[in-house]
Amino acid sequence: MSWINGRLLAPDGHSMGATDPSVGDFVLSGVSLERSIYQGVPAFKMTMPSEAVQDPQTEKLTDRDFMAWLPLDLSDGAIDVELASELAPDAPEYARGFIGLAFRIDDEGRFESIYLRPTNSVADDQVRRNHSVQYVAYPDYRFDRLRREFPEKYESYAELDLERWIHMKIVVSGERAELYLDGNQRPALIVSDLKLGSDQRGGVGVWLESGTVAYFRNLKLTPKL
């Protein structure tokens with residue numbers, strides 16, 4: 001499969017829909033994916049099994065590779081999606097509604113990602129609020145390492161909420177990525193040194209972490225020609 005001017009194409013070149021791939025087009029990494037209706041509109045619903053939820057009493061909390069992704073060959077360009085998250089019924093106390101985009105996913109499972117923590121946005125704690133948006137590069141540069149080695153550089157505040165549609169757009173060029181939220185003309189986060197480098201390329205998907213039920217729709221990719 002490939003994307004041309006925002007359209008998903010099958011290997012034979014026939015269109016598979018402008019922004020509406022099927023469940024079968026996605027590679028599933030530890031998640032389940034199904035068609036659903038959320039807040040009155042058609043969407044994909046993505047969940048992880050309860051046994052995969054991290055237990056801070058026995059393991060270190062970190063970013064993992066739970067996602068549904070399209071095996072494409074994208075390097076530079078724009079990625080648009082509408083997404084929403086809610087807390088699962090069995091969500092742990094540390095759950096934040098983790099949801100976001102993974103991009104340049106290669107055959108070895110490495111990828112860049114920018115994701116959201118909606119509950120942090122409305123927390124009565126400024127430090128948590130400052131951690132509403134996060135950049136990571138899997139597997140070597142997860143949030144805990146970046147926060148420790150580069151405090152504040154790869155995180156930011158953004159106005160977010162659980163259980164509402166959020167428009168997320170990432171513009172990728174070389175080693176730079178910019179995140180735009182809800183049609184705002186100013187980026188909510190700028191990453192000027194993507195850790196996997198400018199030669200990294202690959203698939204695109206929607207990512208989630210522990211305690212999240214994720215919904216997404218209108219996934220659109222526009223390669224930079």
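This briefing covers the overall build of the protein and then its salt bridges. The model is predicted, and the protein in it has three helices and 16 strands. Its radius of gyration is 16 Å, close to the 17 Å that the globule rule gives for 225 residues, so the protein is as compact as a globular protein of that length.

**Overall build**
- Along the principal axes, the C-alpha atoms of the protein fill a box of roughly 50 × 35 × 35 Å, and buried residues make up 52% of the 225 residues.
- Of the contacts between residues at least 6 apart in sequence, 65% join residues that are at least 24 apart.
- The protein exposes about 10,300 Å², of which carbon and sulfur atoms supply 47%.

**Charges and salt bridges**
- The protein carries 25 positive and 36 negative charges, whose mean positions are 4 Å apart, and the count of salt bridges comes to 16.
- Lys-60 and Asp-144 meet through their side chains in a salt bridge with an N to O distance of 2.9 Å; this pair links distant parts of the chain, with Lys-60 in the loop between strand E5 and strand E6 and Asp-144 in helix H3, 84 residues apart.
- Within that pair, Lys-60 counts as exposed at 57% relative accessibility, whereas Asp-144 counts as buried at 16%.
- Arg-217 and Glu-82 form a salt bridge at 3.2 Å, N to O; because Arg-217 lies in strand E16 and Glu-82 in strand E7, the pair ties together parts that are 135 residues apart in sequence.

**A salt-bridge network**
- Asp-106, Glu-108 and Arg-110 are linked in a network of salt bridges, in which the side chains of Glu-108 and Arg-110 meet at 3.8 Å, N to O.
- Glu-108 is exposed, with a relative accessible area of 66%, while Arg-110 is partly exposed, at 31%.

How values were computed
Residues are numbered from 1 along each chain as its sequence is written. This is a predicted model: local features need pLDDT of at least 70, side-chain atom pairs count only at pLDDT 80 or more; totals for chains, interfaces and linings use all residues. Side-chain values use heavy atoms; hydrogens and water are left out. Helices (H or I, at least four residues) and strands (E, at least two) are DSSP runs, numbered from the N terminus. The radius of gyration is taken over C-alpha atoms; the globule rule is 2.2 Å times the number of residues to the power 0.38. Buried means under 20% relative accessible area, exposed over 50%, partly exposed in between (1.4 Å probe, protein chains only). Contact means heavy atoms within 4.5 Å. Accessible areas come from the Shrake-Rupley method with a 1.4 Å probe; for residues, only the protein chains shown count as cover. Lys and Arg count as positive and Asp and Glu as negative; His and the chain ends are not counted. The place of a charge is taken as NZ of Lys, CZ of Arg, CG of Asp or CD of Glu. A salt bridge is a side-chain nitrogen of Lys or Arg within 4 Å of a carboxyl oxygen of Asp or Glu.
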